[in-house]
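Morning, everyone. Let me put the model on the screen, and then we'll walk through it.

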Amino acid sequence: MTISPDFSAASTAVAAVLTAYLLLGEPWAGRRMYGSLARRRDTEPRALVRYFGLLLTLWWAFAGLAVAALLLSPGADAADFGLTAPERPVYVVTGILLVGAIAVASGRNFHDLAKRGKNVPGLAAIEAMLPRTVEERRLAIAVAVTDGLCAELVYRGLLIAFGVGALGLDLYAAAALSVVVYAVAGCYQGRQGVLVFALLGTVLSGLYLATGSLLLPVAVHVFLSVRDLTLPAPEKLRAAPAA
């Protein structure tokens with residue numbers, strides 16, 4: 001994979017502001033937002049609905065800024081941001097089917113463990129976001145799909161292009177920078193969250209560099225997000241509204 005985006009001054013400014021926020025503001029804001037949700041989850045019935053609504057607004061705003069950065073740069077095209085067909089479509093389609101099957105199988109296993117009160121890896125870190133009602137479940141799926149689409153456009157598409165085109169970094173150094181920025185976004189889940197985000201970011205960046213397209217990273221991200229955000233809430237959470 002090779003990209004050579006030429007960022008204009010306006011595009012550089014937009015991308016720099018967004019990158020600075022993602023690196024410095026997002027970890028603080030994400031932790032504060034999730035902490036507020038966790039405190040209000042058991043006492044305010046629509047706390048999660050409002051939280052999901054805010055997440056959807058923020059993600060589409062970030063994606064809009066990424067698109068603006070592309071449109072403001074005549075010297076960059078969609079392929080520089082990963083918005084192109086993969087170089088090896090057959091392998092990508094096979095990968096999507098394989099990851100989808102794994103996500104479904106692991107999701108069923110996680111659902112079974114949660115319903116039996118067993119430990120589900122990583123469940124405690126996101127339990128305040130787990131839906132209890134039909135409305136919350138629908139919003140959870142919308143957030144999961146939005147997360148996969150917008151996060152990949154921003155963290156993989158924009159940040160790697162920005163690192164190469166504006167900062168003059170090597171492609172792999174720019175990818176490493178995107179992983180670091182993505183990893184700190186997981187600090188709302190604690191130290192373990194940062195490590196999980198770093199690992200996931202590395203895998204997704206590798207898939208992007210290997211295929212030259214955001215298609216496979218987006219599919220993987222969506223599958224994993226939908227699986228995790230539709231897990232059944234622990235018994236103490238599901239019993240909270242009645243209490």
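Let's start on the surface. W60, I141, V145 and L149 make up a nonpolar patch there, and together they have about 340 Å² of accessible area. The ground rules for a patch: residues with over 30% relative accessible area and no salt bridge, like charges joined within 9 Å, and nonpolar side chains (Val, Leu, Ile, Met, Phe, Trp, Tyr) within 5 Å. Areas are Shrake-Rupley with a 1.4 Å probe, and for residues only the protein chains shown count as cover.

A word on provenance. This is a predicted model: local features need pLDDT of at least 70, side-chain atom pairs count only at pLDDT 80 or more, and totals for chains, interfaces and linings use all residues. Numbering runs from 1 along each chain as its sequence is written, and side-chain values use heavy atoms, with hydrogens and water left out.

Back to the patch. Helix α5 gives the most, three residues. Helices here are DSSP runs (H or I, at least four residues), numbered from the N terminus. W60 sits in helix α2. How accessible is W60? W60 counts as partly exposed, because its relative accessibility is 47%. The scale is this: buried means under 20% relative accessible area, exposed means over 50%, and partly exposed is in between, with a 1.4 Å probe and protein chains only.

L224 and V145 are 79 residues apart in sequence, yet their C-alpha atoms are 9.7 Å apart in space. L224 belongs to helix α8. With 23% relative accessibility, L224 is partly exposed.

Next, the pocket. Rolling a probe the size of a water molecule over the atoms shows where empty space is left. The grid spacing is 1 Å, over the protein atoms alone; a pocket is an open set of points where a 1.4 Å probe fits, with protein on both sides within 12 Å along at least five of seven lines, and lining residues have an atom within 4 Å of a point. Points are joined across faces, edges and corners, and volume is the space filled by probe spheres set on the points.

So what is the volume of the largest pocket? About 1200 Å³. Its lining has 42 residues, and Y188, Q189, F197, L200 and D228 lie nearest the centre. At least two lining residues come from each of α1 (9–40), α2 (47–71), α3 (89–115), α4 (123–126), α5 (134–165), α7 (190–211) and α8 (215–229). By class, that lining has 30 nonpolar, eight polar and four charged residues. The classes: Ala, Val, Leu, Ile, Met, Phe, Trp, Tyr, Cys and Pro are nonpolar; Asp, Glu, Lys and Arg are charged; the others, Gly among them, are polar.

On to charges. There are seven salt bridges in the structure. The criterion is a side-chain nitrogen of Lys or Arg within 4 Å of a carboxyl oxygen of Asp or Glu.

Take R156 and E152. They form a salt bridge, with the closest N and O atoms 2.7 Å apart. Both sit in helix α5, four residues apart, so about one helical turn separates them. Are they buried or exposed? R156 is buried, because its relative accessible area is 0%. E152 is buried too, also with 0%. Salt bridges with shared partners also join R40, E44 and R50 into one network.

E44 is partly exposed at 28% relative accessible area. R50 is partly exposed at 46%.

Then E135 and R46. Their side chains meet in a salt bridge, 3.2 Å from N to O. This pair links distant parts of the chain: E135 is in helix α5, R46 is in the loop between α1 and α2, and 89 residues separate them. E135 is partly exposed at 38%, and R46 is partly exposed at 42%.

Last, two more contacts across the chain. Y155 is in helix α5. Y155 is buried, with a relative accessible area of 2%. From Y155 to V179 is 24 residues in sequence and 7.8 Å in space, C-alpha to C-alpha.

A85 is in the loop between α2 and α3. A85 counts as exposed because its relative accessible area is 56%. A85 and L215 lie 130 residues apart in sequence, with C-alpha atoms 7.5 Å apart.

That's the tour. Over to you.
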